[in-house]
Amino acid sequence: MKILLALDGSEASSVARDLVANLTWPAETTVHMLAAYRPPIDYTGGVASAMVWVGDIEDAIRDQLSETLRGMGAPLVAAGLAVEQSVVRGHAADVILAAARDSGADLIVTGSRGRGPVRSMLLGSVANEVATNAPFPVLVARTSSVSRLLVAADGSPNAGKIPELLGAWNAFHDVPADVVSVVPQDPPGFELMVGLSTLGDDRLENQRRKEALAADSAANEMAALMTERSIPATGHVRSGDPANEILRAVDELHSDLVVTGSRGLGGFERLLLGSVARNVLVHAPCSVLIVRSETAPDVARDERREPA
């Protein structure tokens, strides 16, 4: 397995590093630690001597980041993981996404916030951009360990990949999980309007029963698949706004990792990141793993890769 770990020396990236180190990954997993930087701006108008000075500063930045990565890699090495590192010039999100594609990464891990000036934001711009645009799973870390999972089940292809993917990774073996499926709640006044337009027939009630049965089936089927893969899981059905109910469940069930698909069954499948996944990613107090439907786990894939 190949993990791309984006680091910048911030406290949030240290949390991401610790989370990777504390999980048990498949044998021969490689962690590629990556730091990106922007070159210093030359305000001299291209004066030759000043250009050399600016280049010296850039070299110093690279050297400092390389040293930072070496220090941050110690816990990963101690955990028995193979570690690589690189420092790349460019916009951080673009660098991370390009490196993940080039290396054939199975997972991107990043902290929730970086070293930028708006550190109080719930989700940093780099983490947001990576999670929105990556074509493979992204883990945004807010905690350094995982003791209980909350898995969002909605019957979508994205969510359907979750049990197989987590089982192939083996990182959550024996970690208890709660599988939550949410029945959307009708807005106020909706029932009255439907009753007036349908003369009180039972079509609305029948539709609600079907939705509740579908939610119950999605939660219990996924819980069974998770349990088969040594992740003991229990299904739950809730009613209300999906993102709000998932966030409430996180608090009530004391979850420290939410696993969700990138898009649900709504009418906007073209969106890179669905509204439920985005709201959970931004507002969850715990780590969030976003699973893409384009990624199908293949345990034998690493064996087919040519040596780097």
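Reader: Which residues have the most contacts inside the largest nonpolar core?

Author: In this predicted model, the largest nonpolar core has 48 residues. A second, separate core of 37 residues includes Val95, Ala131, Ala134 and Val140. Within the largest core, the residues with the most contacts are Trp25, Leu149, Leu166, Phe172 and Met226.

Reader: Which residue of strand E8 is the bridge partner of Ala177?

Author: Strand E7 covers residues 177-183 and runs parallel to E8, with 7 bridges joining the two. Ala177 is also among the residues that Leu149 touches, as are Val175 and Pro176. In E8, the bridge partner of Ala177 is Ala233.

Reader: Why is one side of strand E3 and of strand E8 left without a neighbour in the sheet?

Author: The open sheet consists of 10 strands with mixed pairing, in the order E3-E2-E1-E4-E5-E10-E9-E6-E7-E8. From one strand to the next, the twist averages 20 degrees. E3 (82-89) and E8 (233-239) stand at the edges, so one side of each lacks a neighbour, as each has a single partner strand.

Reader: How many nonpolar, polar and charged residues does the contact of H10 with H11 have?

Author: The axes of helix H10 (residues 242-253) and helix H11 (residues 275-283) come within 9 Å and cross at roughly 35 degrees, and the crossing is right-handed. H10 contributes Pro242, Ala243, Ile246 and Leu247 to the contact, while H11 contributes Val276, Asn279, Val280 and His283. By class, the contact has 6 nonpolar, 2 polar and no charged residues.

How values were computed. Residues numbered from 1 in each chain as written. Predicted model: local features only at pLDDT ≥ 70, side-chain atom pairs only at ≥ 80, totals over all residues. Heavy atoms only, no water. Axes fitted to C-alpha atoms, helices over the stretch in contact; angles between N-to-C directions. Helix = DSSP H or I, 4+ residues; strand = E, 2+ residues; numbered from the N terminus. Left-handed = near helix turned anticlockwise from the far one by under 90°. Contact = heavy atoms within 4.5 Å. Nonpolar A, V, L, I, M, F, W, Y, C, P; charged D, E, K, R; others polar. Pairing = 2+ DSSP bridges. Core = buried A, V, L, I, M, F, W, Y, C linked by side-chain atoms within 4.5 Å. Buried < 20%, exposed > 50% of the residue type's maximum accessible area, 1.4 Å probe, protein only. Lists of a residue's contacts leave out its neighbours within four places in sequence.
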